[in-house]
Amino acid sequence: MAGIIILDFDGTITTADTINTLASLPTSHHPGEVTEGHEKLWEEIVEGYVADHAEHTKNYVPEAKGRITLGQELEYLESLRGPEGVSIGRVSRGSLFANLREEDFRVFGQKIVENGRGGEGEEERVVLRRGFKEFVGRCRENGWEIGVVSVNWSRDFIMGVISEQCGGLDGVKVVANGIRYPEGTIEGPKELGREVMMTAGDKLRGMELLSKEGGERKRVVYFGDSTTDLACLVEADLGVVVADEEEGKLLVTLRRIGYGVPHVGEEYRREKDGKKQGMVWARDFEELMSSGVVEGLRR
């Protein structure tokens, strides 16, 4: 059976969320032309999102400690379509990304990895998790396809960030939202009917699209770091949680709903003993490769 490695982008391929970096593109692309009105608009969008999300979570029943099954957690995650949609509406109505072309997002993505935004220190750059480039190379050598599924607003920004790290984008499939030129409105991927990707269920549809491309379903290894990756991690043949520590939010959520997720080193030993695990966690791709799990993957 053919196989595909599918990865989330923000916090999985990168070490942190890139939304604030993406929002800085207009000021980087038009220095001196975009006034502080842009920054004020972005602050209002962020503040509105945080407030809406907090209010929704506060009023949602059952609360987190009462959600003890996968179904309950997935229902909660799907309910976030409300505040997520409101936030995307604010971005589109505010024309935050108006008059920016696809190529602008790609070039910005490339530059932000290589040079940052002109400041000092890694906080000015998009930083990729250790070992990502080597991991992609090894997977390609073993015949795996590579795909990315993300609720990020710009597919082209993602492609710019990962292009050099993937040794070019030939064969790399990215399912994510896009930003329409010249309006600057956010739209979903063509492959999913232009419906904006916002939730765990949307990512699952993206994963299923890639896994069934060409007809027969491929074996899927999925990498994710947040609760929006929950459905994909559970449905994949092997799910890899990317986390900085064992008490990360996603791992805590998984334990709450009954999924104990061993570290990759422990998984490799158990697999050798014939006790296959459906999910493991790792801090980065370098740690994953050193565990021996990569060598154990076969298409």
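**A cavity and salt bridges in a predicted model**

Q: Which elements give two or more residues to the lining of the largest cavity?
A: Phe 223, Val 240, Val 242, Ala 282, Asp 284, Phe 285 and Leu 288 form this lining (each has an atom within 4 Å of a point). Helices (H or I, at least four residues) and strands (E, at least two) are DSSP runs numbered from the N terminus. The elements that give two or more residues to the lining are strand 7 (238–242) and helix 13.

Q: How many charged residues are in the lining of the largest cavity?
A: Asp, Glu, Lys and Arg count as charged, Ala, Val, Leu, Ile, Met, Phe, Trp, Tyr, Cys and Pro as nonpolar, and the others, Gly among them, as polar. The lining has six nonpolar and no polar residues. Its number of charged residues is one.

Q: With which residue does Asp 284 form a salt bridge?
A: Asp 284, one of the residues lining the largest cavity, is buried at 9% relative accessible area (buried is under 20%, exposed over 50%, partly exposed in between, with a 1.4 Å probe and protein chains only). In a salt bridge, a side-chain nitrogen of Lys or Arg lies within 4 Å of a carboxyl oxygen of Asp or Glu. With closest N and O atoms 2.7 Å apart, the partner of Asp 284 is Arg 130.

Q: How many residues apart are Arg 130 and Glu 286?
A: Arg 130 also forms a salt bridge with Glu 286, the closest N and O atoms being 3.2 Å apart. Arg 130 lies in the loop between helix 6 and helix 7, and Glu 286 in helix 13, a separation in residues of 156.

Q: Which helix holds Glu 73, the partner of Arg 256?
A: The closest N and O atoms of Arg 256 and Glu 73 are 2.9 Å apart in their salt bridge. The pair ties together parts 183 residues apart in sequence, because Arg 256 lies in helix 11 (residues 249–256) and Glu 73 in helix 4.

Terms used
Residues numbered from 1 in each chain as written. Predicted model: local features only at pLDDT ≥ 70, side-chain atom pairs only at ≥ 80, totals over all residues. Heavy atoms only, no water. 1 Å grid on protein atoms, 1.4 Å probe; cavity = no way out; pocket = protein on both sides within 12 Å on 5 of 7 lines; lining within 4 Å.
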